[in-house]
Amino acid sequence: MSTKRARLVVIGNGMAGIRTVEELLQLAPDLYDISVFGTESYGNYNRVMLSLLLSGEKQADEIMLNPTAWYAEHGITLHAGDPVVEIDRARRCVRSSSGVEVAYDRLLIATGSQPIVLPVPGCDLPGVVCFRGIDDVERMVEAAGIYRSAAVIGGGLLGIEAANGLSRRGMQVTLIHRSHVLLNQQLNDDAARLLARNLQERGLVLRLDAETVALEGGERVEGVRLADGSRIDAGLVVMAVGVRPEIALAEASGIHCGRGIVVDDTLQTYDPHVYAVGECVQHRKVTFGLVAPVWEQARVCAAHLARFGHRRYCAAETATRLKVTGIDLYSAGDFIGGAGTEDLVMRDPRRGVYKRLVLRDSRLVGAVLYGDAKDGGWYFELICEGTDIAPLRDRLLFGQSYCQSSIANLAGVAT
Ligand SMILES: Cc1cc2nc3c(=O)[nH]c(=O)nc-3n(C[C@H](O)[C@H](O)[C@H](O)COP(=O)(O)OP(=O)(O)OC[C@H]3O[C@@H](n4cnc5c(N)ncnc54)[C@H](O)[C@@H]3O)c2cc1C
């Protein structure tokens, strides 16, 4: 006698959706017939590595997490290059742009984020791209083979990585940023200045405190006009000014959304048949832009899809590392600090090293490391575990091995 399996439909073939499927296959490999819809025409790849694909340090096949063969091996039906255009919650089915309809018992929405396009005149000219997928990288690489100069708008992690990648491809790159310091979400002024100097030494032109007012060109973009009236020549313009959760489809189907699709601690939406994970969700008023929380969501969501309803998602501290070869930059936790916090700071401008540790009540709560970030993972552990650092306080800035060897020496003296 054959028992009918439940049907799981996944919208979004990105990092969160497929990580959830992988976790689910570990827990309950035979529970569902799984169908996955993806806008992009590839298998599932590591989006984090796009920066290295752009800089030429990785090839497309090296960043694939699951090639299309993986789906077939696991009996998963993949509709790549065929986005879902409608969720019919009353009939519990989805419809794709090519007209495919698939019914579900459980639906998982993992539609990620949409890059923000600055709504300035000329923003829709050919040659203006965002930095989100393989197709974007291909457009940039193609342009680098044809045009001499590029402008990148946005001096956050993505903007700097895009600028570095295009520069490594031989383009003359101008990085335009509204704030007076780069990475103002991650760094304080001291570390940002060291970073700016390093990027300039690599040949990047920085325009800080600069507001883009228009993109100019005819059949294609040719330059960027700034608020001070100056113009930057550019045969390619990359917008890296932020992302917003991709919620249009969920919203249109009546699923409760705020800035993202609102989920509870089990990653369930207000519709009990529908779950959501990744950058498209909003959990306790928070939205997400890094992969670590997304993977934790996938772990929790998979447990509930597998009907082992024991896990709860709670947002944890996050850490970021800039992926520009030769620049060591790491930030974690609450590195801005404020009332009730104190800073331990080490500056060594000659070696280009800056470290700042933020403490609250004898606990490490944040860290910014520039020029020497090898202890980033250790500081991050101390932050996450809430370790009492009072016994290490005077040595903490010197890093893990120094702290541990001096503890060992003290122990040796005591015995
Ligand atoms: C260049 C770059 C560098 C990054 N570097 C880092 C880093 O160093 N560290 C870090 O932690 N994070 C980094 N990130 C962020 C990280 O990649 C994301 O947090 C992660 O990919 C989020 O996963 P997701 O599945 O929510 O979204 P995505 O991976 O974007 O997947 C969403 C998928 O859903 C698809 N989709 C959307 N709508 C539909 C629809 N209607 N039908 C079907 N499919 C649809 C999209 O096309 C996409 O393929 C980086 C991101 C980029 C772009």
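**Group meeting: the ligand site and the domains around it**

Start with the secondary structure at the site. Helix H1 (15-27), strand E2 (32-38) and helix H2 (50-55) each give at least two residues to the shell around the ligand. Helices here are DSSP runs of H or I with at least four residues, strands are E runs of at least two, and both are numbered from the N terminus.

Some ground rules. This is a predicted model, where local features need pLDDT of at least 70 and side-chain atom pairs pLDDT 80 or more, while totals for chains, interfaces and linings use all residues. Numbering runs from 1 along each chain as its sequence is written, and side-chain values use heavy atoms, without hydrogens or water.

Now the shell. The ligand is surrounded by 28 residues, each with a heavy atom within 4 Å of it. Among the closest are Arg-47 and Arg-132. By class, the shell holds 14 nonpolar, nine polar and five charged residues; Ala, Val, Leu, Ile, Met, Phe, Trp, Tyr, Cys and Pro count as nonpolar, Asp, Glu, Lys and Arg as charged, and the others, including Gly, as polar.

Next, polar contacts, meaning N or O pairs within 3.5 Å. Glu-279 places a polar side-chain atom 2.5 Å from a ligand oxygen. For Lys-323 that distance to a ligand oxygen is 2.6 Å. The protein covers 90% of the 990 Å² of accessible area that the ligand has on its own, by Shrake-Rupley with a 1.4 Å probe.

Finally, domains, with bounds from an automatic or database assignment. Domain 1 (6-114 + 243-305) and domain 2 (128-239) both contribute shell residues, so the ligand lies between them. Their C-alpha centres are 31 Å apart.

Key. A polar contact is a pair of N or O atoms within 3.5 Å; within protein, one must be able to donate a hydrogen and the other to accept it, and residues adjacent in sequence count only if both atoms are side-chain atoms.
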